[in-house]
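Please look over the model shown below. The briefing that follows covers pockets, cavities, a nonpolar core and helix faces.

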Amino acid sequence: MVTIDKESGFCFGVVTAIQKAEEQLHRCGSLYCLGDIVHNGQEVDRLAAMGLKTIDHSSLDSLHGVTVLLRAHGEPPSTYRKAEQNNICIIDASCPVVLGLQKRIRKQYEAIRGRNDSQIVIFGKPGHAEVVGLEGQTDNTAIVIEHLNDVERLDLTKNTYLFSQTTKDVEEFAQLVAEIERRFQGQEFVWKDTICRQVSSRSRHIQEFARQNDIIFFVGDEKSSNGKVLFQLCQQANPYSFFISGPEDITDEQISAYKDKAVGICGATSTPLWLMEKCKERLS
């Protein structure tokens with residue numbers, strides 16, 4: 001029996017971005033997107049065949065009078081300024097949760113701007129598209145830390161205002177808060193749990209799903225940070241978990257070996273349902 005995890009696949013922010021891209025492509029036949037619309041190569045290829053052209057920030061400088069979609073990860077203020085300068089029409093598909101976080105960070109930054117006794121800290125992956133957008137709200141003065149031992153880099157005699165990338169792990173964030181509280185020497189430590197619960201709730205669920213099946217095929221892309229984390233959780237719950245990018249990665253030997261087993265198919269927040277369904281067809 002082959003079962004697709006009902007809670008796997010695009011989060012609502014990605015769904016909205018894909019829908020906006022498809023609507024524009026149906027109307028006009030072409031559209032620029034700033035960065036991969038989602039961290040899944042096969043979905044990017046599907047939309048490229050419809051006319052979606054992926055560009056980077058350096059390409060934005062040379063574009064004028066075109067339409068550009070901003071993906072769910074969000075963008076720093078500099079992107080909007082550049083679009084206005086170049087007469088670029090923006091289709092803003094930034095996730096509402098990310099936009100809300102950007103506003104909170106900007107408000108805090110405005111409150112402490114120019115003060116040497118205060119710092120804004122972002123718990124997130126350096127260089128990740130969402131984190132780049134969050135840093136931009138602080139004119140790139142925020143300190144980004146990814147792991148618990150990165151606390152060593154902070155000056156905890158300063159007032160500290162901690163935020164989190166929306167897709168980080170809730171328990172890891174709680175550990176970080178506890179560690180900063182243990183070491184803190186400043187006047188004020190304020191932390192905001194800004195993790196998206198639609199994403200974070202998948203961690204517990206995907207482990208339950210992995211335990212319910214004999215074999216797990218996790219469908220994802222190497223570019224997806226969320227995918228790597230969720231796959232590791234699958235492996236912890238079920239050592240017979242395999243990371244695949246699509247049905248072509250499933251071997252004939254695996255199909256023969258697992259035909260009488262309970263097989264589960266799941267994926268990241270960047271994994272399209274149609275791709276998981278193709279994997280089910282291959283196994284079935």
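Which element gives the most to the lining of the second largest pocket? α8 does, with six residues. The model is predicted, so to speak from its record: local features need pLDDT of at least 70, side-chain atom pairs count only at pLDDT 80 or more, and totals for chains, interfaces and linings use all residues. Residues are numbered from 1 along each chain as its sequence is written, and side-chain values use heavy atoms, with hydrogens and water left out.

- A cavity is a set of points where a 1.4 Å probe fits but cannot get out. A pocket is an open set with protein on both sides within 12 Å along at least five of seven lines. Lining residues have an atom within 4 Å of a point.
- Grid points are joined across faces, edges and corners, and a volume is the space filled by probe spheres set on the points.
- Helices (H or I, at least four residues) and strands (E, at least two) are DSSP runs, numbered from the N terminus.
- Ala, Val, Leu, Ile, Met, Phe, Trp, Tyr, Cys and Pro count as nonpolar. Asp, Glu, Lys and Arg count as charged, and the others, Gly among them, as polar.

**Pockets**

- The largest pocket has a volume of about 440 Å³. Its lining holds 16 residues. Nearest its centre lie Lys 168, Glu 172, Ser 225, Val 229 and Gln 232.
- Helix α9 (residues 225-237) gives the most to that lining, with seven residues.
- By class, the lining of the largest pocket has seven charged, seven polar and two nonpolar residues.
- The second largest pocket has a volume of about 270 Å³. Among the residues lining it are Asp 169, Glu 172, Arg 197, Arg 204 and Leu 233. The elements that give two or more residues to this lining are α7 (170-183) and α8 (197-212).
- The lining of the second largest pocket has five charged, four polar and two nonpolar residues.

**Cavities**

- The structure holds two cavities of 30 Å³ or more.
- The largest cavity has about 320 Å³ of space. It is lined by 24 residues, and Cys 11, Val 14, His 73, Thr 167 and Thr 269 are the closest to its centre. Two or more lining residues come from each of α1, α5 (96-112) and α9.
- α1 gives the most to the lining of the largest cavity, with three residues. By class, this lining has 11 nonpolar, 12 polar and one charged residues.
- The second largest cavity has a volume of about 70 Å³. Its lining includes Thr 167, Lys 168, Asp 169, Ser 203 and Val 229. The elements giving two or more residues to it are α8 and α9.
- Three nonpolar, four polar and two charged residues make up the lining of the second largest cavity.

**Nonpolar core**

- A nonpolar core is a set of buried Ala, Val, Leu, Ile, Met, Phe, Trp, Tyr and Cys residues joined through side-chain atoms within 4.5 Å. Buried means under 20% relative accessible area, exposed over 50%, partly exposed in between (1.4 Å probe, protein chains only).
- The largest nonpolar core has 19 residues. Val 14, Ile 18, Leu 31, Ile 37, Leu 47, Leu 52 and Leu 69 touch the most other members. Two or more core residues come from each of α1 (12-28), β2 (31-34) and α2 (41-50). α1 gives the most, with five.
- Leaving aside neighbours within four places in sequence, Ile 18 is in contact (heavy atoms within 4.5 Å) with Phe 10, Ile 37, Glu 43, Arg 46 and Leu 47.

**Helix faces**

- In α2, Glu 43, Val 44 and Leu 47 are buried. These residues fall within an arc of 100 degrees seen down the axis of α2, so they line one face of the helix. The arc is that of the directions from the helix axis to the C-beta atoms.
- Exposed residues Asp 45 and Ala 49 sit on the face of α2 turned away from its buried side. What covers the buried residues of α2 includes α1, β3 (52-55) and α11.

How values were computed:
On a 1 Å grid over the protein atoms alone, a cavity is a set of points where a 1.4 Å probe fits but cannot get out, and a pocket is an open set with protein on both sides within 12 Å along at least five of seven lines; lining residues have an atom within 4 Å of a point.
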